[in-house]
Amino acid sequence: MAVIALLFSVWPAVSDGLSFHEVTGRTIDMTEEVPDGQMLVPGSEDANDIYIVRVDTILPQGAFADAYASLDQNGAPGITVEFTPEASAVFSRYTADNVGKTVAIIFDGEVLTAPRIMSEIISSVALITGSFTTEEAVNIAEEIKSGADFQD
């Protein structure tokens with residue numbers, strides 16, 4: 001329970017809508033202080049799954065053009081996220097410089113998913129893969145859409 005109480009103090013920094021943040025770690029000794037410029041954010045599926053993320057956003061809420069459940073190249077469930085042209089350019093640069101790192105997609109103070117960057121994303125479309133069930137992919141895509149503040 002002490003962990004949950006501690007987490008409430010960091011949620012406001014990421015509670016307004018949907019955003020991407022760099023993940024710096026997934027575990028922390030709760031007796032240690034969180035480094036400056038970083039915060040703790042719980043996973044949406046399991047409050048015991050704690051992410052240490054940078055406070056600065058990589059992409060803010062208005063960066064998304066669409067999100068939907070899809071299939072990866074092996075036919076496994078995934079989530080396709082489409083970015084606005086401006087966000088696509090920013091994310092392309094970020095992914096080029098951070099292959100192998102993890103990003104957290106945070107909505108309402110919880111990490112929806114935290115995919116690893118496998119390669120530079122040069123298009124306006126990113127496919128998030130993992131061990132999702134079809135239902136999980138649909139639910140995550142719907143949460144991304146609900147928090148994305150899509151531009152008309």
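View 1. Apart from its neighbours within four places in sequence, V90 is in contact (heavy atoms within 4.5 Å) with I58 and L59. This is a predicted model, in which local features need pLDDT of at least 70 and side-chain atom pairs count only at pLDDT 80 or more, whereas totals for chains, interfaces and linings use all residues. Residues are numbered from 1 along each chain as its sequence is written, and side-chain values use heavy atoms, with hydrogens and water left out. V90 lies in helix 2, residues 85-97, where helices (H or I, at least four residues) and strands (E, at least two) are DSSP runs numbered from the N terminus. Although V90 and L59 are 31 residues apart along the chain, their C-alpha atoms are separated by 7.8 Å. V90 counts as partly exposed because its relative accessibility is 32%; with a 1.4 Å probe and protein chains only, buried means under 20% relative accessible area, exposed over 50%, and partly exposed in between.

View 2. The 3 strands are arranged in the order 4-5-8 with antiparallel pairing, two strands being paired if DSSP finds at least two bridges between them. Strand 4 (64-71) and strand 8 (125-128) are at the edges and have a single partner strand each, so one side of each is left without a neighbour in the sheet. On average, neighbouring strands of this sheet are turned by 20° against each other, direction ignored, as judged from axes that are lines fitted to C-alpha atoms. Strand 4 pairs with strand 5 (residues 77-83) over 7 bridges in the antiparallel sense, and S70 stands opposite G78 in strand 5.

View 3. D72 is buried yet has no salt bridge, and the nearest side chain of opposite charge, that of R116, is 15 Å away; a salt bridge here is a side-chain nitrogen of Lys or Arg within 4 Å of a carboxyl oxygen of Asp or Glu. Leaving aside neighbours within four places in sequence, D72 is in contact with L127 and T129.

**View 4. The protein chain as a whole, for orientation.** The chain has 3 helices and 8 strands, which run α-β-β-β-β-β-α-β-β-β-α from the N terminus on. Of its 152 residues, 41% are buried.

Terms used. Axes fitted to C-alpha atoms, helices over the stretch in contact; angles between N-to-C directions. Lys, Arg positive; Asp, Glu negative; His and termini not counted.
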